[in-house]
Amino acid sequence: MRVFVTGATGFIGSAIVQELISAGHQALGLARSDAGAKSLIDAGVQVHRGDLEDLESLRSGAAMSDGVIHTAFNHDFSKYAANCEADRRAVEALGSVLVGSDRPLIVTSGTGIVATPGRLATEDDAPASSSAVPRSASEEAADTVAARGVRVSVVRLPQVHDRVKQGLVTYLIALAREKGVSAFVGDGLNRWPAVHLLDAAHLYRLALEKRLAGARYHAVDEEGVPLREIADAIGRGLKVPVVAKSRDKAAGHFGWLGFFVGVDSPASSAQTQERLGWRPTTQLGLIADLDGASAFEA
Ligand SMILES: NC(=O)c1ccc[n+]([C@@H]2O[C@H](COP(=O)([O-])OP(=O)(O)OC[C@H]3O[C@@H](n4cnc5c(N)ncnc54)[C@H](OP(=O)(O)O)[C@@H]3O)[C@@H](O)[C@H]2O)c1
């Protein structure tokens with residue numbers, strides 16, 4: 001297949017294009033800058049110039065492809081809600097040119113948008129409304145294009161890690177370095193799920209090839225890593241003290257990360273593994289990757 005990949009220059013998208021190429025597919029990567037285009041060419045990826053805000057560039061990329069994987073996202077968290085709405089428009093634009101075809105569209109979401117206190121979130125759990133959780137806009141847009149007959153499926157990501165980046169944990173490392181302490185909230189027993197980058201990239205390919213309409217997949221290996229263990233690993237890596245913050249003090253310490261850092265959001269991938277034959281067991285776990293993380297190198 002010739003696959004249009006948005007976010008092909010990013011952390012996850014660049015792993016996806018290598019996974020696609022290794023499996024014999026062709027990748028057409030979205031690039032919004034000369035530097036991005038060069039990095040794609042160097043990686044053996046065809047370039048499609050455009051921007052998330054330029055919906056015609058998204059439509060034309062999708063139109064010249066056999067399938068689309070959408071991973072681009074503007075991670076400026078000071079404009080988070082606006083960026084989530086931009087993602088809604090991007091998904092709707094990509095889907096609009098796939099109506100009436102069997103060409104698949106894979107949309108990226110997060111396991112964190114499903115709130116199931118006290119139990120594992122499953123693929124069947126509906127996300128919170130985007131009025132409460134802005135990132136749900138991506139899945140709402142997927143539902144909109146599904147209703148128009150597009151073969152769209154959603155991949156919900158947890159913290160995606162290798163030795164270079166570890167999802168939101170990368171921002172926690174930067175904060176701990178700045179503040180001189182590695183913090184967690186309350187007793188730190190709240191959990192974040194996690195997956196290795198290469199396992200996540202493999203799942204995207206399987207989801208693309210499966211072409212199921214309306215499927216939701218959880219790219220989850222570890223169902224829930226306690227924030228206390230993550231804070232301990234950061235403390236070890238940076239050689240800074242590990243401290244607890246009360247819920248009252250969390251916003252002051254963590255800033256925009258305070259929205260995420262006290263949340264307990266364990267998630268299962270049992271259905272995903274059964275549907276796709278995906279086995280995310282070949283790579284290191286989050287704490288092992290953190291213990292060898294490049295961010296801690298002198
Ligand atoms: N990493 C995780 O642990 C994690 C967890 C949950 C969900 N997710 C989601 O997974 C997806 C991929 O994340 P990531 O970690 O790979 O992010 P990333 O490394 O920040 O990459 C983001 C990608 O989006 C592109 N992009 C940003 N703004 C754009 C714009 N206006 N027009 C065109 N392209 C634009 C970037 O292009 P440039 O190279 O030009 O900047 C880059 O290719 C996102 O939807 C993210 O929210 C990630």
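Tutor: The expected span of a helix is 1.5 Å times one less than its number of residues, where helices (H or I, at least four residues) and strands (E, at least two) are DSSP runs, numbered from the N terminus. This is a predicted model, in which local features need pLDDT of at least 70 and side-chain atom pairs count only at pLDDT 80 or more, while totals for chains, interfaces and linings use all residues. Residues are numbered from 1 along each chain as its sequence is written, and side-chain values use heavy atoms, with hydrogens and water left out.

Student: How do you know that helix 8 is close to its expected reach?

Tutor: Helix 8 has 12 residues, and from its first C-alpha to its last it reaches 16 Å, which is close to the expected 16 Å. Among its buried residues are Leu227, Ile230, Ala231 and Ile234.

Student: What makes the phi of lysine 239 stand out?

Tutor: Lysine 239 is not a glycine, and yet its phi is positive, at about 60 degrees, whereas most residues other than glycine have a negative phi.

Student: Why is lysine 239 called exposed, and why is arginine 211 called partly exposed?

Tutor: Buried means under 20% relative accessible area, exposed over 50%, and partly exposed in between (1.4 Å probe, protein chains only). Lysine 239 has 73% relative accessibility, so it counts as exposed; arginine 211 has 24%, so it counts as partly exposed.

Student: Why is glutamine 166 called buried?

Tutor: Its relative accessibility is 1%, which is under 20%, so glutamine 166 counts as buried. Glutamine 166 is found in the loop between strand 7 and helix 6 (168–179). Leaving aside neighbours within four places in sequence, its contacts (heavy atoms within 4.5 Å) include Val160, His161, Ile173 and Leu290.

Student: Why does histidine 196 count as buried, and what does its side chain reach?

Tutor: Histidine 196 lies in strand 9 (residues 191–196), and its relative accessibility is 8%, also under 20%, so it counts as buried. Its side chain reaches the backbone nitrogen of leucine 198 at 3.0 Å. A polar contact is a pair of N or O atoms within 3.5 Å; within protein, one must be able to donate a hydrogen and the other to accept it, and residues adjacent in sequence count only if both atoms are side-chain atoms.

Student: Which residues come nearest to the ligand?

Tutor: A residue is near a molecule if one of its heavy atoms lies within 4 Å of it. Of the 23 residues around the ligand, Thr9, Arg32, Leu52, His75 and Arg135 come nearest. Helix 1 (11–22), strand 5 (105–110) and strand 7 (159–161) each supply at least two residues of this shell.
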